[in-house]
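Have the structure open while you read.

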Amino acid sequence: MFDGDLLDDDEFPGGVFSDEIDGGRSGAHLRLGDRGITARTSEGREFVIGYSDCDLELGGDSGRMVFFRTADRSLTFFCEDRRFPEALKRAAVGELFEQVDQILAAGNRQRWVSRVGLWVMLAVCVLVLIGGYYGVVAGAKSAIEAVPMTVDEQIAEAALPSVLSEFGEEIESPNAVDAVQGVIDRLAPHSAIQGVNYQVLIIDSDVVNALALPGGTILVFRGLIDTMDSTEQLSAVIAHEMSHVTLRHHLRQISRSVGIVAAVHIVIGDVGGIVALGTEVLQTAALNNYSQGQETEADLEGARMMHAAGLDPQAMIQMLDSLPDAHLHGALSWLSTHPNSDERIKAVQQFLDEAEPRDYSQLDFRLEELRRILDDAQTEVVLNAERNDEEAANDQPADHSSDEETDQRDGIKSED
Amino acid sequence: MDSDVQFEISQRPDFGLISVQLEQGQKIFAEPSAMAAMDPSITLKAGLKGGIRKTLGRALGGESMVINTFTADRGSGEVIFAPGAPGDAVHYHLDMNTLMVQRGAFVAHTDGVELTGKWQGAKGFFSGKGLVLLQASGTGDLFFNSYGAILEMDVRGEYIVDTGYVVAFENTLNYQVDVLPGLKRGGKLKSFFFGGEGLVAKFSGQGKIWVQTRAVNSFLTWVYPFRPAPKNSN
């Protein structure tokens, strides 16, 4: 500690308080003699205190410094060297033995109390922080169920334009939409929450994908319709997406992404805050990026809904199974955002094994029809565009609900 | 008081300036940015001093990890150090003993002095002045600064100083953080847990304390109402 100060074994670094010294104090080397302690200051002066004529005290900033005083307190030596108390006991041969032990024990007790106090305090602080965090998170979890569906709808409404610009244009075909809506109508009465306002958008994209926006807007990509093997497989995808909506996975995902901030908003019921955060999260590509647990949850809930609605949930397994083998020009987006199908198949299979057997019925429209309607719709878009041009030229009010559309719709209504 | 280097502290007490005369080969160590002026015979070297533990200790004590070394290796010369805060500067000669210094108050020291941080435990937690104090020990000269002027007190027995006014004290003194005697119980709790008014350090034993004549927090509270606040044009 003190460079260049080589001390003998029985010499300790310390100091002296005395009015005889200029400034009242000085650093000193303390030497333990037979009858007392000798302090030699750095200026060479020597002071002596006899063992029989002294008071011992423990103190200083560390609480470990030994003070060695004359009875009239005119002269004080101090030393912080850890070896000093033991050496003092040995040198003073009995005279100070008990006094040293007493002050050391008192010092240890005090240090122990303050150390325990500090740890208790830190532990309380940590517990309060952890407790607060989990309290808010748990609060948010149950509070999500209390958040009205309109919040989900507001988030979807705000995010929809950017979602569409990212994935492609909507195919405006009321017939096709009705066909998909028919699947939803059949499943909806068996979903976890009622009164969800489902809306179907068919997206003109080769990508094999489907996704749900919060609040019930379900985007079905043309690529998915072209790829599925049966109407039941398509309905399995739709049941899966509906489950994301009814299980409020979006809000959970938002509260996970934005973390504690969103959780607090949700707990205190700050709807405007949730919508703003939710829109931001959905726009920063968190859309459709559910956790593995949520995917399995949506599979199981989807399978349960299908089973309850009388649709064969086996289609869910076929769909999960067939997608990886599909040879397609479009990317398998739905799988890339819905990974690990083996695990998920296992989970659904287990549900099926445990489910009560019942008879299943088929949906009464076939995929080929839907595909044809979509092809027609593409053509219709061109025709409509031409007609619109004519109408605009004739300065007529634009009314597109034509008779042909109604006619076509009749043929493909699905049975509830 | 004797010293290893020749020095002068001028412009006291408002804006104390430390001028140190170094003989050929002598060194002085100072916090970065403290040097205001120096003779060209002196060279400056920046570096971490005293190993990882001491360096981290200093950093926790509110000082820079880097310490600048000024060496008069091309003949004797003068270095002038200006502390950051408006206030006085103090010289203290360490004689094999230890001085505890408030966070950030260190300016410079000579060879033979070790500067590191010392964990204050519960005391530091409650004082609101940081968990770590600077600890200077060894044999040599130490320069530290205050905010405002400075009073040197020689304590025997007990003495109470508001934690915001303590600059330094010899380690022969023990201290406990306490609330002002006479404060009501509610006030005590508030002080303890929210660092409010009336937190004091109760010193006991024998040794010197340096007390500054202004506290930064009190000054900030005083100046706060006068700050230019943006007006809402709507």
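**Notes on the model**

1. Let me start with a proline: Pro13(B) sits in the loop that joins strand E1 (6-10) to strand E2 (17-22) of chain B. Helices (H or I, at least four residues) and strands (E, at least two) are DSSP runs, numbered from the N terminus. The peptide bond leading from Arg12(B) into Pro13(B) is cis, with omega near -5 degrees. Most residues other than glycine have a negative phi, and most peptide bonds are trans.

2. Some housekeeping before going on. This is a predicted model, in which local features need pLDDT of at least 70 and side-chain atom pairs count only at pLDDT 80 or more, while totals for chains, interfaces and linings use all residues. Residues are numbered from 1 along each chain as its sequence is written, and chains are lettered from A and ligands numbered from 1 in the order in which they are written.

3. On confidence, pLDDT is the predictor's confidence in each residue, from 0 to 100. Chain B averages 85 on that scale, and 85% of its residues score at least 70. For the complex, the predictor gives an ipTM of 0.81 and a pTM of 0.59. Where pLDDT is low, the predicted coordinates should not be read in detail.

4. Now the positive phi values. Ser33(B) has phi near 75 degrees, positive although the residue is not glycine. Look for Ser33(B) in the loop between strand E3 (27-30) and strand E4 (35-38) of chain B. Ser33(B) counts as exposed because it has 12 C-beta neighbours inside 10 Å. The cut-offs: a residue is buried if 20 or more other C-beta atoms lie within 10 Å of its own, exposed if 12 or fewer, and partly exposed in between, with C-beta atoms placed from the backbone.

5. In chain A, Arg248(A) also shows a positive phi for a residue other than glycine, near 55 degrees. This residue belongs to the loop between H6 and helix H7 (249-257) of chain A. Is Arg248(A) buried or exposed? Arg248(A) has 20 C-beta neighbours inside 10 Å, so it counts as buried.

6. For the overall make-up, chain A has 15 helices and ten strands, while chain B has four helices and 15 strands. Of the 416 residues in chain A, 36% are buried; of the 234 residues in chain B, 44% are buried. Two residues are in contact if their C-beta atoms, placed from the backbone, lie within 7 Å. Among contacts with a separation of 6 or more, residues 24 or more positions apart account for 64% in chain A and 78% in chain B.

7. Next, a helix pair in chain A. The axes of helix H4 (residues 174-187) and helix H6 (residues 231-246) of chain A come within 10 Å and cross at roughly 60 degrees. Axes are lines fitted to C-alpha atoms, for helices over the stretch in contact, and angles run from 0 to 180 degrees between N-to-C directions. H4(A) and H6(A) are therefore oblique to each other (under 35 degrees counts as roughly parallel, over 145 as roughly antiparallel, 65 to 115 as roughly perpendicular and the rest as oblique). The contact uses Val180(A), Val183(A), Ile184(A) and Leu187(A) from H4(A), and Ser235(A), Ile238(A), Ala239(A) and Met242(A) from H6(A). By class, that contact has seven nonpolar residues, one polar and no charged. Here Ala, Val, Leu, Ile, Met, Phe, Trp, Tyr, Cys and Pro count as nonpolar, Asp, Glu, Lys and Arg as charged, and the others, Gly among them, as polar.

8. H6(A) has another partner: its axis and that of helix H10 (residues 292-309) of chain A come within 8 Å and cross at roughly 120 degrees. That angle makes H6(A) oblique to H10(A). Residues of H6(A) in this contact include Ser235(A), Ala239(A) and His240(A), and those of H10(A) include Ala298(A), Gly302(A) and Met305(A). The contact of H6(A) with H10(A) divides into five nonpolar, five polar and two charged residues.

9. Last, the interface. How many residues of chain B are in contact with chain A? There are 19, and they meet 23 residues of chain A. E8(B) gives the largest share of the chain B side, four residues. That side divides into six nonpolar, eleven polar and two charged residues.
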